[in-house]
Amino acid sequence: MPRANEEVEALLQEYADLIAITGGDAFKARAYEKAARAIGGHHADVSTLDAKGLKDIPNVGRSIAEKVVEYLRSGQVSTIEETRASIPAGVRELITIPTLGPKKAMVLHEELGITSVDQLLEAIHAERLRDLKGFGEKTEANILHGIALMQKAGEGRILISAAMDVAEQIVAELSALPGCARCAYAGSLRRMKETIGDIDVLVAAEQSAPFMEALGALPHTAEVIAHGEKKTSIRTTKGLQVDLRVLPPASWGAGLQYFTGSKAHNIRTREIAVRHKLKLSEYGLFDAESGDMITSETEEDIYARLGLPWIPPTLREDRGEIAAGLKGEVPELVQEEDIRGDLHTHTDLTDGLAPLEDMVAAAAARGYAYCAITDHAPNLYMQRMTDEKMLAQRERVRELDREHRGMRLLHGTELNIDPDGEVDWPPEFLAEFDLCVASVHSHFNQSRQALTRRLVRACENPYVAVIGHPTTRRIGKRPGLDADFDAVFEACAATGTALEINAHPERLDLRDEDVLRAKRYGVKFAVNSDAHSVTHLPYMRYGVGTAQRGWLTKDDVINTWPLTRLRSFLRKGRSRPV
Ligand code: DGT
Ligand code: CA
Ligand code: CA
Ligand code: ZN
């Protein structure tokens, strides 16, 4: 994303929050939020656009365009500065606590005079929040969790998508240099972990200096932290650390295996080496006694000499992959190419940015065999959905379906699971959708018992085929629902309801460990982008990475299936419509 787009997105989002704290118009706040996301997701660099060009971006009206122009010209927007100044700095800090939100932050300020995170912690420990309306023990626990998340985020793990963008650019730049035999990223990014501490890049070349220098000179690089012959570390303009190691081409496999990790996996592989009277390091696999090199050029050779098949990086977490390898039972993991379609996408009929036609064209361009449009149902009040709008969209979807020869379109919706586990619309209306995803979008803080019951009831609904973003967590921002997920997994398996692996990098929900657990109950999964713009469809890769980390095969994932098999699953045993 161009830097200016990112800055403007953050500024408009902040303004939306400020409007909310000062008790401003909710629709106005919402308009700024939508514009923020539209600009963040816009393909062209906004700093190259004039007011007219800005207004062509969906959800950007005249007044917002003017503010953006002012910002690009002067580095600030007077209205936003004024609003900012009207709120104490400490309260602005409070709203950055995930799980707290602008309204509660304002109550804490007005009722208890709290103006900093430290004061808030003190007040919680002194049980002073208990007397406030709308605050309870549960809220306290959530706020404490939010503060912990914020402090952890401050320790600098970043979302996989942000790391991937930087890593792919660096790998492309370094690969183009003369003398580069191999270049790849390793570490947690190659393992597709949900957040990344630092990026590890490896190069195989005879000479290391040109690569070390090139890394220091890249436009991303803000600072060289350490510069050596084998390893150089830099910090990017966004504060992300990148470690570059240059290896002799003959050590490529050993280096790649070592620096891919995880540490826990490497400890296991080294133990096996020791049992075979071998020694494994980043330079190669050696005979422990003579010190003779046995092999080092490819990962496959190294694993083979340890009596193991090549283990996919997404499994290298010491979660049983070595034992599975020794028994020849490493699963054949689902791949991105196996995905035949996306079952959760939004258009500008609700909170998506792109018109239906654009979403459909972009999905078709990805080579999908089918794609479901699943805009929000009416109980998500801000989306202003109506029966008429939904039916009109269905008409249009059916027309487009006839026009797109290669891809079948499914008309679906994303229902809201209410506090009792009920969803929008009566059964007759639901029966007409090709697919209903159902998700929790509110009342996150119910008791564990109520939340569990709520999700189980949604599974029992014969029209609900997929539970969307099942835990509702937002990485670094909101913890997942405190429900008994084992009970939910059991209900999914019993009712034939799939669990979503939402591929949005801020969600990745279900997460890898939960996927692994749910699979043991016999649950099926849908890996979906939840795209709110055409640029989100490629998030699918992160969902597939998470599915792999949860040991899923193609058969576990319903949107790798042929359409007939998928349709029969979506009917959940209901009879075919006549
Ligand atoms: P991160 O950066 O926190 O997201 O996680 P990783 O896994 O990328 O960790 P990092 O960057 O510290 O190191 C990259 C890989 O290098 C790691 O996965 C395994 C290997 N490695 C680094 N230090 C050690 C070590 O002390 N022992 C072993 N066995 N492996 C190490
Ligand atoms: Ca790393
Ligand atoms: Ca590292
Ligand atoms: Zn949703």
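Predicted model: local features only at pLDDT ≥ 70, side-chain atom pairs only at ≥ 80, totals over all residues.
Where is the place of Leu510?

**Stop 1**

Select Leu510, which is placed in the loop between β16 (498-502) and α22 (512-520).

Next, select Gly261 and Ser262. These two residues are also joined by a cis peptide bond, with omega about -5 degrees. Ser262 belongs to the loop between α13 and α14.

Then move to Met192, in the loop between α11 and β3. Although Met192 is not a glycine, its phi is positive, at about 60 degrees.

**Stop 2**

Select ligand 1 and display the residues around it. There are 16 of them, and those that come nearest are Arg157, Ser188, Arg191, Gly197 and Asp198.

In Arg191, a polar side-chain atom lies 2.9 Å from an oxygen atom of ligand 1. Asp198 likewise has a polar side-chain atom 2.9 Å from an oxygen atom of the ligand. For Asp200, an N or O atom of the side chain is 3.0 Å from an oxygen atom of ligand 1.

On its own, ligand 1 has 590 Å² of accessible area, of which the protein covers 74%. Colour the model by secondary structure to find the elements that contribute two or more residues to this shell: α11 (187-190), α13 (252-260) and α14 (263-275). Which classes of residue make up the shell around ligand 1? It has 7 polar, 6 charged and 3 nonpolar residues. Domain 2 (158-247) and domain 3 (252-326) each supply at least three residues to the shell.

**Stop 1**

**Stop 2: the zinc ion**

Select ligand 4, a zinc ion. Which protein donors does the zinc ion have? They are Glu414 (OE), His441 (NE2) and His469 (NE2), and they lie 2.1 to 2.3 Å from the ion. Their spacing along the chain is E-x26-H-x27-H. Because Glu414 lies in strand β13 (residues 408-416) and His441 in the loop between β14 and α20 (448-460), the pair ties together parts that are 27 residues apart in sequence.

**Stop 3: the sheet**

Finally, show the model as a cartoon and select strands β11 to β17. They form an open sheet of 7 strands, ordered β11-β12-β13-β14-β15-β16-β17, with parallel pairing. At the edges stand β11 (341-342) and β17 (525-528); each has a single partner strand, so one side of each lacks a neighbour in the sheet.

Within the sheet, select β14 (residues 435-439) and β15 (residues 466-467). These strands run parallel and are joined by 2 bridges. To see how residues face one another here, select Val437, which stands opposite Val466 in β15.

Terms used
Residues numbered from 1 in each chain as written. Chains lettered and ligands numbered in written order. Heavy atoms only, no water. Pairing = 2+ DSSP bridges. Helix = DSSP H or I, 4+ residues; strand = E, 2+ residues; numbered from the N terminus. Near = heavy atom within 4 Å. Polar contact = N/O pair within 3.5 Å; in protein donor to acceptor, adjacent residues only side chain to side chain. Areas by Shrake-Rupley, 256 points an atom, 1.4 Å probe, with all protein chains shown as cover. Nonpolar A, V, L, I, M, F, W, Y, C, P; charged D, E, K, R; others polar. Domains from an automatic or database assignment. Donors = N, O, S within 2.8 Å, 3.2 Å for Na, K, Ca; no water.
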